[in-house]
Amino acid sequence: MAGPKSSSKPSPASSETYVAVSTLWKSYLDQTPDRLKFIDAFLAFTVLSGVLQFVYCVLVTNFPFNAFLAGFASSVGQFVLTASLRAQVNPENRSEFKEVSPERAFADFALGSIVLHFFVFNFLG
Amino acid sequence: MRLLSSALVTLLTLTTFSFASSSSVLVVLDPSLDRENYSIFFGGLEKRGYNLTFRAPKDTSPAITDYGVPNYDHVILFAPDTKSYAQDITPQSLVGLLSENTNLLIALSPKQTPLTSLAAEFSLILPPPETPLISHHPARSEPQTTIPVTVSSSSPILTSGIPPVWFTGAPHALGSTPMLVPILRAPAESFAADSTSDADSDALVTASEKGGEGLWAGSQMGLVTGFQTNVNSRVVFAGGVKMFSDEYATKELPSGGPPGNALFVTDVAAWVFQAKLKLRIDGVDHHRVGESEAPKMYTTNDEIVYTAHISAYDSETSTWKPYSGIDDLQLEFTMLDPHIRTSLLPVSGSPGTYQVQFRAPDRHGVFKFVLNWKRKGYSYLESSTTVPVVPPRHDQYPRFLSAAWPYYAGAISTSAGFFLFAALWLAGDVKGERKKGSKVE
């Protein structure tokens, strides 16, 4: 993934925005721990899922409205929980969450998600 | 024992009495009109099983009603010139009879009597007193007030093909009430005038030149008109009594041949005495498609089957027989307004049954099945059944709709993603921890 991106980088170097974005991307790839990248991938997936459902709702139908609410809330809720997890396990935030160990953070995340999905599936049908 | 037998006898007399009075007719006949002169009409009634009782207008007995209960099923008032009656015959008491399901056959005349003011209450507008119907056509030897009137065959009351009938008397204009049933109309060339001589024919010409204002003329006037009340009792106003007489029943028409008077008055009497065009709703039932019992309540969008059973009275056998002859019956499913109005058609193969299947509206509330069939000459058919229509219960809605699959997929994939994420997170714990640590250091 990173290989082709960096090779295509120099050709449109004229655009400053592109330079800025590519620098950001490169530093993200270099400096972010794998754990956080993994969380980010999951966050991207929930965002994509939520956007797709919202587009379907707007363009096609919101008819079983409870199903839309459940599906969309599942994406949003999962995003929020995962983002919290990311904030708590990020080593740079260790001073903020002194008493929250990464294991405790993950346990909170897992419990919150299970409760969320319980409500989602109750509301879905 | 004696008590029992006397009770039996009383019961027996009561039943025979009620049977005899089931078609009893009181004829209030003016003494100036001889009963023998109307023998064809009265004889025909007696032959068809009517039990006639005669009485003069000023006699006090037999009474029309006792303690507000009518003593007779039908009353014939052939006293067109009588101005004063016995106490029990008043316009109010006659209206009271109609509301007690007694039928009236009333003869009017050009004279002003209590009955002419009664006719006005039934939306018949009579011309000024002493203005009989006059016609100079067709040419004939009879006086100009003795008129052969062509019978229209459009009324369901009359049998088709009745020859013209002789008429003498007063016409009337018809008011706007839809309960009126025109039976005989005046000839187009006839008019009502206040003199039997042609002396003031100039006045008529002047009136007709003014567009006919104030002129009593033409075929919009009625001569014999029926009225059916809301309780289906019937009253007929005839403009003259002579059309019922033997003289007119046998008088040859100007065109030759016998007149239609005998047949016409028989048809009119049959209608007014409820022997003809008498319908009733035997019963209605309604249920969901595929069921046979009426449910306590319907759900919106249910498929409903509504059935009505209608009978017509057969006077020859005195029984009610299923009747399938109505082709314009309508059913309304109303909540304030008719949400559904559909035709209720006879079912072929089962006489007297009318059935329709329809979908309940997507609207909950207290609905009524309404049958309301009112046609001139026929008994009114009215039926109303109230049913509640409720929204579906919480477990009656459709589930797992195809339109919702993207939402289901979204929720399921998020859950699956969460489990995958958790599994990978826990599996990669040691390695990730080390990596993280090295990165931070």
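Where in chain B is B:Glu130 found? I looked, and B:Glu130 is in the loop between strand S7 (124-125) and S8 of chain B. I take helices (H or I, at least four residues) and strands (E, at least two) as DSSP runs, numbered from the N terminus.

**Ground rules.** I am reading a predicted model, where local features need pLDDT of at least 70, side-chain atom pairs count only at pLDDT 80 or more, and totals for chains, interfaces and linings use all residues. Residues are numbered from 1 along each chain as its sequence is written, and chains are lettered from A and ligands numbered from 1 in the order in which they are written.

Entry 1: Most residues other than glycine have a negative phi, and most peptide bonds are trans. B:Glu130 is partly exposed, with 15 other C-beta atoms within 10 Å. I call a residue buried if 20 or more other C-beta atoms lie within 10 Å of its own, exposed if 12 or fewer, and partly exposed in between; C-beta atoms are placed from the backbone.

I then turned to B:Asn232, which lies in the loop between S14 and S15 of chain B. B:Asn232 is not a glycine, yet has a positive phi of about 70°. B:Asn232 is partly exposed, with 17 other C-beta atoms within 10 Å.

Next I looked up cis peptide bonds. One joins B:Ser61 and B:Pro62, with omega about -5°. B:Pro62 sits in the loop between S2 and strand S3 (65-66) of chain B. Another joins B:His137 and B:Pro138, with omega about -10°. I found B:Pro138 in the loop between strand S8 (133-134) and strand S9 (147-149) of chain B.

**Entry 2: the sheet.** I traced an open sheet of seven strands in chain B, in the order S2-S1-S5-S6-S15-S14-S12, with mixed pairing. Two strands pair if DSSP finds at least two bridges between them. The edge strands are S2 (51-55) and S12 (180-185) of chain B, and each pairs on one side only. The twist averages 15° from one strand to the next.

I zoomed in on strand S1 (residues 24-29) of chain B, which pairs with S2(B) in the parallel sense over five bridges. In S2(B), B:Asn51 is the bridge partner of B:Ser24, and B:Phe54 is the bridge partner of B:Val27.

**Entry 3: the cores.** What is a nonpolar core? I use a set of buried Ala, Val, Leu, Ile, Met, Phe, Trp, Tyr and Cys residues joined through C-beta atoms within 7 Å. The largest one has 74 residues, and B:Val28, B:Leu77 and B:Ile106 have the most contacts inside it. Helix H7 (residues 261-272) of chain B gives this core its largest share, seven residues. I also found a second, separate core of 21 residues, which includes A:Leu36, A:Phe42, B:Phe418 and B:Phe421.

Entry 4: I checked UniProt, where an unreviewed entry places the feature "transmembrane region" at residues 41-61, 67-85 and 105-124 of chain A. Such annotations may be inferred rather than shown by experiment; feature names are shortened, and positions are given in the numbering used here. In the model, residues 41-61 of chain A are 90% helix and 0% strand, with end C-alpha atoms 29 Å apart. Residues 105-124 of chain A are 100% helix and 0% strand, and their end C-alpha atoms lie 28 Å apart.

Note on methods
Axes are lines fitted to C-alpha atoms, for helices over the stretch in contact, and angles run from 0 to 180 degrees between N-to-C directions.
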